[in-house]
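Keep the structure open beside the text as you read.

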Amino acid sequence: MATTTVADIMPDALKQSRYHMKRCFTRFIATRRRLMKLKNLMEEIENTIEDKAERTKVLEGSLGQILSSTQEAAVVPPYVAFAVRHNPGCWDYVKVNAENLSVEAISAKEYLKFKEMIFDEDWAKDDNALEVDFGAFDYSNPRLALPSSVGNGLNFVSKVLSSKIGGKPEDTQTFLDYLLDLNHQGENLMINENLNGVSKLQAALIVAEVFVSSFPKDAPYKDFEHKLKEWGFEKGWGENAGRVRETMRLLSEILQAPDPINMESFFSRLPTTFNIVIFSIHGYFGQADVLGLPDTGGQVVYILDQVRALEEEMLRRIKQQGLNMKPKILVVTRLIPDAQGTTCNQEMEPILNSSHSHILRIPFRTEKGVLCQWVSRFDIYPYLENYAKDATAKILELMEGKPDLIIGNYTDGNLVASLLANKLGVTQGTIAHALEKTKYEDSDVKLKEFDPKYHFSCQFTADLLAMNAADFIITSTYQEIAGSEARPGQYESHTAFTMPGIYRVVSGINVFDPKFNIAAPGAEQSSYFPFTEKQKRFVKFRPAIEELLYSNEENNEHIGLLADKKKPIIFSMARFDTVKNLTGLTEWYGKNKKLRNLVNLVIVGGFFDPSKSKDREEAAEIKKMHGLIENYKLKGQMRWIAAQPDKYRNSELYRTIADTKGAFVQPALYEAFGLTVIEAMNCGLPTFATHQGGPAEIIVDEVSGFHIDPYNGDESSKKITDFFEKCKVDSKNWNRISEGGLKRIEECYTWKIYANKVLNMGSIYGFWRQFNVGQKQAKQRYFEMFYNPLFRKLASNVPIPHEEPLPLATLD
Ligand code: UDP
Ligand code: LCN
């Protein structure tokens, strides 16, 4: 279907089954549902063509192919408009006249209008309704073509850059100007004005390389610094003669005939990044006792581990460059005066196990003063503009100048990062973890229903602005960008969508944009290491863990008992959200007698008194869990432990479960990435994880763990049962999966791999910006046009809590 469109093949396909299709389309029109998902279409087809053999025949061939790739259909009689996704990122839209089955290709815009007709007819018919078209600025930018290359932007950009540098002289000059500009607080690095021409640089490199070769490889830079400086070379080439020579050779080769491998390697050596700012604003951002507080989960773990990894890699690179400056990383978050016993009311906090990284907290300011209490991430928008202003001043003061790289985290952090990066002209990366849009079905077109509670009009606008402003986007998985065969990606869902009454996005983001890069996080390996590394084990936690799992007492930390202490344990740990599906797992276990005989169940999460939860979803889950324990009489085989904030103890808990020859189960209905999955795998604990989202990519089914279907409990619990039955007869089975998991982690999921990739992105996209100056400026203007009249207005509709704010002076 790559060259022929759906509009080309659908007429014939319909003709071949005209009788049945006529009836099906009549039924589509007759049904009261106007926005139909694939499952609804199939149900209607099943009800219309009752004979199975007949139906199978109709659904064979191209008609079946089109229907199975259909994401949804909008029914506006006499038309049924189809949105067909034949490959990740590749969509076709058609409208079919239900009366005569004529087919016509339509644009994304026309399709969106069909949807709007269902929810807001006046808006759909308004010829002057606001349309957003970020694609209009991308005319000159190269794009990836293959769905399989999506998320590999760095590699693509290196290729494009090498062909540019080897091409027009003005592009080579742009490269030279970039090198001439490299400095640290005004001090030149790499080259100075003496080498301001390409041929001058080439000639100097030849002489310098011969000169440096006369020194022993380990001779320090200072031994030959003086001579190099005379020729126009500054510090930054390397710490010793060997390294300097290699870097010079790389540059000579690039200037002679550039190639992407040398480009990437040269850019990874360039001294470009010393100061980084990371915005992670919402939630309780702290280093202890915060996990499990509202809006506070894996993102905090991710940012703190990310900082440590980036700092380590920056220190390594700075040393190799022969420089002695110290890197600085600031994680900028919100200061919450009413800190609920956490450190979130402190302005500055050094990041543990780092030497040069800090948390900087800046309060939310309103007209009346400083906001004391926590606010939900959904209500955060009215404060962000002042926040960005206050943050800018403080960052410039603390860093004694501009940062080299600004990274945003989640919608709020990304918007503030964009405001700051635009203002200061600094390279910007964004991270989303999980975009909210795909979490709630039809959250765009049903805006009127969702907006009062979630303020998605603000959130989707902020997301759209930030993803377009960013120089590069870091994602944890492919599915986050472009989904899977069956399901559109989180970013992909921002390509074309509509919020009736506000605006219609005809081109929001393109998943083939080379700004997308997959850099998966890791788990901090000094805590999460294999259970077999006996000498490293945190033995001091043994008694506490023994008590937690096996004591006969029930208290406010654990309820339920494990009568047979010899059985392996299946273990799960998560926030107590509905989507995490811990109650689902408990029910699967409760129902499966075989599994109950084979293993015990341990769940960590939440707490036991639903009346103490501020979160409606959490309270409902707690009640449900009590009900399940009761109904399935689980006491004796199950232990429910309240949320555990100590990561060191938790790591030992994973390992203790591995000692029992148990398994970790992550049964979420949807999981964006799933840090617990890689934590368990790092500890050598065989893992069963949801196939909905990130874990489907992390685990290779039956090699490094297992995929389970959270919507099919019987099948999933059978898969777990089969594993433990097999382990009983073949003891090697458990080890095979444990080792497979560890191997997978080493190959793909470590913070070292992550930090290396992200710093390379900072360096290469920092240069890539120079080639797109005009386009970037135009986009920035578009950003401002949107931000000023539209986003500000939307944000001003979000209510500010009534509580008395602190007067500003109180915090000084
Ligand atoms: N976690 C924890 N104690 C708990 C529940 C979770 O320390 O009681 C940690 C867990 O070890 C992991 C993070 O919180 O590091 C959860 O991250 P994940 O990506 O699995 O889910 P999220 O909460 O971000 O949706
Ligand atoms: C948010 C989530 O929902 C998880 O799936 C991720 O693992 C976490 O952030 C860290 O990226």
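Start with ligand 1: helix α25 provides the largest share of its shell, three residues. Bear in mind that this is a predicted model. Both α14 and α25 (675-682) contribute at least two residues each to the shell around ligand 1. There are 17 residues around ligand 1, and the ones that come nearest are Gly298, Arg575, Lys580, Gln644 and Glu679. Sorted by class, that shell holds seven nonpolar, six polar and four charged residues.

Which polar contacts does ligand 1 make through its oxygen atoms? Arginine 575 places a polar side-chain atom 2.7 Å from one oxygen atom of the ligand. Lysine 580 has a side-chain N or O atom 2.7 Å from an oxygen atom of ligand 1, and a polar side-chain atom of glutamate 679 lies 2.5 Å from an oxygen atom of ligand 1. On its own ligand 1 would expose 540 Å², and the protein buries 90% of that.

Now for ligand 2. Around it you'll find Gly298, Gln299, Tyr302, His433, Glu671, Ala672, Phe673, Gly674 and Leu675. Here helix α14 (residues 298-320) gives the largest share of the shell, three residues. The class count for ligand 2 is four nonpolar, four polar and one charged.

The contacts below each involve an oxygen atom of the ligand.

| Residue | Protein atom | Distance to an oxygen atom of ligand 2 |
|---|---|---|
| Alanine 672 | polar backbone atom | 3.4 Å |
| Phenylalanine 673 | backbone N or O atom | 2.8 Å |
| Leucine 675 | polar backbone atom | 3.4 Å |

Taken alone, ligand 2 exposes 300 Å², of which the protein buries 90%.

Histidine 433 isn't a glycine, yet its phi is positive, at about 65°. You'll find histidine 433 in the loop between β14 (427-431) and α17 (447-454). Is histidine 433 buried or exposed? Its relative accessibility is 12%, so histidine 433 counts as buried.

The backbone has a couple of other spots to check. As background, most residues other than glycine have a negative phi, and most peptide bonds are trans. Methionine 190 has a positive phi too, near 65°, and belongs to the loop between β8 (187-188) and α10 (198-213). Methionine 190 is buried, with 2% relative accessible area. Then there's the peptide bond from proline 77 to proline 78, which is cis with omega near 5°. Proline 78 sits in the loop between β2 (70-76) and β3.

On to the aromatic rings. How many aromatic pairs does a search of the whole structure find? The search turns up 58. Take tyrosine 79 and phenylalanine 114: their ring centres are 6.1 Å apart and their planes meet at 75°, so this pair is edge-to-face. Since tyrosine 79 is part of strand β3 (residues 79-87) and phenylalanine 114 part of helix α6 (residues 108-119), the pair ties together parts that are 35 residues apart in sequence. Tyrosine 79 is partly exposed, at 26% relative accessible area, while phenylalanine 114 is buried at 12%.

Phenylalanine 134 and tyrosine 782 make another edge-to-face pair, 5.0 Å centre to centre with 80° between the planes. This pair links distant parts of the chain, 648 residues apart: phenylalanine 134 is in the loop between β6 (131-133) and α8 (153-165), and tyrosine 782 is in helix α30 (residues 773-796). Phenylalanine 134 is buried, with a relative accessible area of 2%, and tyrosine 782 also counts as buried at 13%.

Rings gather in a group as well: Phe378, Tyr440, Phe450, Tyr454, Phe456, Phe460 and Phe497 form one aromatic cluster.

Finally, look for lysines over rings. Lysine 536 lies over the face of phenylalanine 529, 4.6 Å from the ring centre. The charged end of lysine 661 sits over the ring of tryptophan 734, at 4.2 Å from its centre.

Conventions. Residues numbered from 1 in each chain as written. Chains lettered and ligands numbered in written order. Predicted model: local features only at pLDDT ≥ 70, side-chain atom pairs only at ≥ 80, totals over all residues. Heavy atoms only, no water. Phe/Tyr/Trp six-rings, centres within 6.5 Å; stacked < 30°, edge-to-face > 60°. Helix = DSSP H or I, 4+ residues; strand = E, 2+ residues; numbered from the N terminus. Buried < 20%, exposed > 50% of the residue type's maximum accessible area, 1.4 Å probe, protein only. Lys NZ or Arg CZ within 6 Å of the ring centre and 35° of its normal. Near = heavy atom within 4 Å. Polar contact = N/O pair within 3.5 Å; in protein donor to acceptor, adjacent residues only side chain to side chain. Areas by Shrake-Rupley, 256 points an atom, 1.4 Å probe, with all protein chains shown as cover. Nonpolar A, V, L, I, M, F, W, Y, C, P; charged D, E, K, R; others polar.
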